[in-house]
Amino acid sequence: MTVTFADIQAARTRIAGAVDRTPTRYSRKLSQLTGAEVWVKFDNLQFTGSFKERGALNRLLMLSPEEMKRGVVAASAGNHAQALAYHGGRLGVPVTIVMPEGTPFAKINGTRSHGATVVIEGLDFTGSTEAAKRLEAEKGYVFVSAFDDEGIVAGQGVCAIELLEDAPEVEALIIPIGGGGLIAGCAIAAKAMKPDIKVFGVEAARYPSFTAKRAGKPPVCTGQTIAEGIAIKAVGDIPFALADPLVDEVFVCEEAHFERAVATYVTYEKTVSEGAGAGGLAALLAYPERFEGMKVGLELCGGNIDARMLAVVLNREMVRERRLIVYRILGDDRPGMLSAMAAVIGGLGGNIIDVVHNRLALDVPAKGAEFDIMVETRDSAHADEIGEALKERGYELRMG
């Protein structure tokens, strides 16, 4: 069991012309924000929205004519599914995808739009994999793992070749880890091209399967995460064996780090990333001291996020930055009360987004009311300025 740099170069030749060579660009804004010198590889610009196309196509092209006729089956939270569906459709290979319950609609619809048969089964990726294996046995399909496959690993490694050709000065790569296929392929390629390069991984705190396996402990993986693309309970045996000797360090990031990274890509780079796709930036934002002054390459590995979830993330980031704040005010329930409070807020440039009256809270006087006023502010200092002005006018703030 091995994947060599020669295998990755062969994959590159095999898929040439059928998968986009996505751009790698130096980001002055992210460099200023983080203190590192940052290059971003924009694999969210792939036709199906993620890096998965390289591995999927490479693996499909390695099938025999008889296997292509039988068709393939896979379990996927979405990106492997879309890549396999798209390239399977191009090559005339029937594709069946099993997706876990709760998979974002954008990924389900994207997979179906490429002609694949989609089966929703399993509470998580593990349950979907069991269902896909059952279909393999029942229907005679060829099972194509999203990561635990040498052909997949070799295809994903092409990403690092492209990145280092476009940004040879990069001293470190930060790669999200789910099943491990991307980091295994990229580590093999990167270390072959530049032996002194550092390769760092990043996992979601709720699914630290690579970190646990490295420590010889059973992984504790549970719960919902915005980084569903790397929410894998067990890293693949093949990619782990390949990556473990080559990966210098793995960072574990909390949900807030992934949310901030998604919002930062939108704000600073004007580009959309899904939670897992923003993993590299999440680690950079969470551990800036570790990368200060270092030339860092980030793999923005996917942009398939539901519009609703993107809106939620952007609004939550505004709350964290106190650019969206709720002033809870206890006051008299009389005409003109709300108008007077609004005058204070508006006079200081606050933009009222929403108002909720609560007259039934038992800790509020019967002749009083509790007002929740949601306000858009410029920044945290502006939020404090408005709060102080309301207090000076005699309003009792319960929360700010």
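Predicted model: local features only at pLDDT ≥ 70, side-chain atom pairs only at ≥ 80, totals over all residues.
The domain assignment divides the protein chain into three parts, of which domain 1 is made of two segments, residues 5-51 and 149-315. Domain 2 covers residues 53-143, and domain 3 covers residues 322-399. The centres of domain 1 and domain 2, taken over C-alpha atoms, lie 22 Å apart. To the contact between these two domains, domain 1 contributes 31 residues and domain 2 contributes 25 residues. About 2,300 Å² of area is buried between domain 1 and domain 2, and carbon and sulfur atoms give 54% of this area. On the side of domain 1, Arg14, Thr48 and Asp306 supply 23% of the area buried against domain 2, more than any other three residues.

Arg14 also takes part in a contact between helices, that of α1 with α3. Helix α1 spans residues 5-15 and helix α3 spans residues 53-61. Their axes come within 9 Å and cross at roughly 85°. Angles of 65 to 115 degrees count as roughly perpendicular; α1 and α3 are therefore roughly perpendicular to each other. In this contact, Ala11, Arg14 and Ile15 of α1 meet Arg54, Leu57, Asn58 and Leu61 of α3. The residues involved comprise four nonpolar, one polar and two charged.

Helix α1 also packs against helix α8, with axes that come within 8 Å and cross at roughly 90°. This angle makes α1 roughly perpendicular to α8. From α1, the residues in contact are Phe5, Asp7, Ile8, Gln9, Ala11, Arg12 and Ile15; from α8, they are Ala154, Gly155, Gly157, Val158, Ile161 and Glu165. Seven of the residues in the contact of α1 with α8 are nonpolar, three are polar and three are charged.

Helix α8, residues 150-166, in turn meets helix α9, residues 181-193. The axes of α8 and α9 come within 7 Å and cross at roughly 45°. The two helices are therefore oblique to each other, and their crossing is right-handed. On α8, the contact is formed by Val153, Gln156, Gly157, Cys159, Ala160, Ile161, Leu164 and Glu165. The partners on α9 are Gly181, Leu182, Ala184, Gly185, Cys186, Ala189, Ala190 and Met193. By class, the contact of α8 with α9 holds eleven nonpolar, four polar and one charged residue.

Technical notes. Residues numbered from 1 in each chain as written. Heavy atoms only, no water. Axes fitted to C-alpha atoms, helices over the stretch in contact; angles between N-to-C directions. Helix = DSSP H or I, 4+ residues; strand = E, 2+ residues; numbered from the N terminus. Parallel < 35°, antiparallel > 145°, perpendicular 65-115°, else oblique. Left-handed = near helix turned anticlockwise from the far one by under 90°. Contact = heavy atoms within 4.5 Å. Nonpolar A, V, L, I, M, F, W, Y, C, P; charged D, E, K, R; others polar. Domains from an automatic or database assignment. Buried area = accessible area lost by both parts, 1.4 Å probe.
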